[in-house]
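Biologist: Could you take me through this structure? I have not looked at it before.

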Amino acid sequence: MVTKLEEGGFLRFTPVGTIDPRTLPGQAVEIHGKKKLRGVIGAAPPHLLSAKERKETVPLDKLFIDPGLNEDSVKALVSIGDYVSLEQKPLKLKEGNIISGKALDNRAGVTALVFCAEELNALRHQADVCFVASLQEEVGLRGAMTNAYNLEPDLAIIIDVTHGDGPGLDDRSVFKIGAGPAIAIGPNLHPVLTRRLEEIAKERFLPHQKEPIPGHSGTDAWAFQVSREGIPTALLSIPLRYMHTAVELISLDDLLALSKLISYFAGSLDRLFLEELKNC
Amino acid sequence: MKEDKISAILLELSAVAGVSGDESEAVKIAARYFQQHTEEVKKIDSAIF
């Protein structure tokens, strides 16, 4: 979000939600002013920094956006509070099986739901299934709160992303890309619902991983679980590398397996299981 | 083929701007895809977002 119009037509900004500031210098952006403008995120060149400054990450307050316009044009088109988004176009890697781009957290989840809806059309299912693409998860699960209250579902399965593997990362904290979605386990999640998802994954030979989360999951599951008198909630996550950067990376195999898992689960739902959820 | 279809949806969704408070472009794309498979598509939280 734009916080200040600087002399010379430069813009200062602040993040909305969380973004990795180490990745921002050199990025192309889109400024959502009176009309859409392009810009680049600039910083002082290394030649003009002290030896100490060169070794450090450039702090957010030292970064600026350069729309390449003069000050008067910027003042006419951009206001404090205007939003700015990264302009990175998505990339297909590994013959299209791996996708990298911005906002895969959590547009990958929305894509999984679309495919799940398509799969369910080919399956017989008794339950009514609502697909929700909620907003503002990154700034406090706010879309999830209103949706959970409005829909009042018998149960909820949240789709999010989790940290994918990569060099230098502790393998206890990350999940292998391409080895299936992570099924979360912990106090934020309903044990019977979670167990059922695991059983279905095994029965259907769907690749999956287990993700222990001892507290706040940092996902919409946190809001759904305590909506109204409580909603049995599960969490499935797509392993994703480089979270909150413009080059987030996922495997389509994981996305597909997650969609299928939810489809088979929804197809298997009956009144007996819902009673079991209520009574445990 | 499924992978092609999924990647097409994901690429389209990821390409548009996303800013908190205005996801309208992505919402329109998602609604178009959901429309093909679901009985009803509605926006239930327009009062506050």
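This is a predicted model: local features need pLDDT of at least 70, side-chain atom pairs count only at pLDDT 80 or more; totals for chains, interfaces and linings use all residues.

Biologist: How do E10 and E12 of chain A pair?

Modeller: Strand E10 (residues 182–185) and strand E12 (residues 233–240) of chain A pair in the antiparallel sense, over 2 bridges. Within E12(A), Leu236(A) stands opposite Ile183(A).

Biologist: And what holds paired strands together in general?

Modeller: Strands of a sheet pair through backbone hydrogen bonds, in either a parallel or an antiparallel way.

Biologist: What is the strand order in the open sheet of 3 strands?

Modeller: That sheet has the order E7-E8-E13 in chain A, and its pairing is antiparallel. Strand E7 (91–93) and strand E13 (248–251) of chain A are the edge strands, each pairing on one side only. Neighbouring strands here are turned by 25° against each other on average, direction ignored. E7(A) is joined by 3 bridges to strand E8 (residues 98–101) of chain A, and the two run antiparallel. The bridge partner of Lys92(A) in E8(A) is Ile99(A).

Biologist: Which helix lies across E8 and E13 of chain A?

Modeller: H7(A) again, running at about 60° to E13(A).

Biologist: Let us step back. How many helices and strands does chain A have?

Modeller: Chain A has 8 helices and 13 strands. Its C-alpha trace spans about 65 × 40 × 35 Å along the principal axes. Of its 280 residues, 41% count as buried. Among contacts in chain A between residues at least 6 apart in sequence, 74% join residues at least 24 apart.

Biologist: What domains does the assignment give for chain A?

Modeller: It gives domain 1 (2–86) and domain 2 (91–279). Taken over C-alpha atoms, the centres of domain 1 and domain 2 of chain A are 34 Å apart. Their contact takes 8 residues from domain 1 of chain A and 6 residues from domain 2 of chain A. The residues on the domain 1 side of that contact divide into 3 nonpolar, 4 polar and 1 charged.

Biologist: Which residues of helix H4 of chain A are buried?

Modeller: In H4 (residues 142–151) of chain A, the buried residues are Gly143(A), Ala144(A), Met145(A), Thr146(A), Asn147(A) and Ala148(A). Their cover includes strand E9 (156–163) and helix H6 (221–225) of chain A. Just after H4(A), Glu152(A) takes a positive phi of about 50°.

Biologist: Where is Leu49(A) found, and why does Leu49(A) count as partly exposed?

Modeller: Leu49(A) is in the loop between strand E4 (36–42) and helix H1 (51–55) of chain A. Leu49(A) counts as partly exposed because it has 15 C-beta neighbours inside 10 Å. Not counting residues up to four places away in sequence, Leu49(A) touches Ala44(A) and Arg54(A).

Biologist: At what angle do helix H7 of chain A and H1(B) pack?

Modeller: Helix H7 (residues 252–268) of chain A and H1(B) pack at an angle of about 100°, with their axes 10 Å apart. H7(A) and H1(B) are therefore roughly perpendicular to each other.

Biologist: Which residues meet there?

Modeller: From H7(A), Leu252(A), Leu255(A) and Leu256(A) meet Lys2(B), Glu3(B), Ile6(B) and Ser7(B) of H1(B). This contact has 4 nonpolar, 1 polar and 2 charged residues.

Technical notes
Residues are numbered from 1 along each chain as its sequence is written. Chains are lettered from A and ligands numbered from 1 in the order in which they are written. Axes are lines fitted to C-alpha atoms, for helices over the stretch in contact, and angles run from 0 to 180 degrees between N-to-C directions. Helices (H or I, at least four residues) and strands (E, at least two) are DSSP runs, numbered from the N terminus. Angles under 35 degrees count as roughly parallel, over 145 as roughly antiparallel, 65 to 115 as roughly perpendicular and the rest as oblique. Two residues are in contact if their C-beta atoms, placed from the backbone, lie within 7 Å. Ala, Val, Leu, Ile, Met, Phe, Trp, Tyr, Cys and Pro count as nonpolar, Asp, Glu, Lys and Arg as charged, and the others, Gly among them, as polar. A residue is buried if 20 or more other C-beta atoms lie within 10 Å of its own, exposed if 12 or fewer, and partly exposed in between; C-beta atoms are placed from the backbone. Domain bounds come from an automatic or database domain assignment. Two strands pair if DSSP finds at least two bridges between them.
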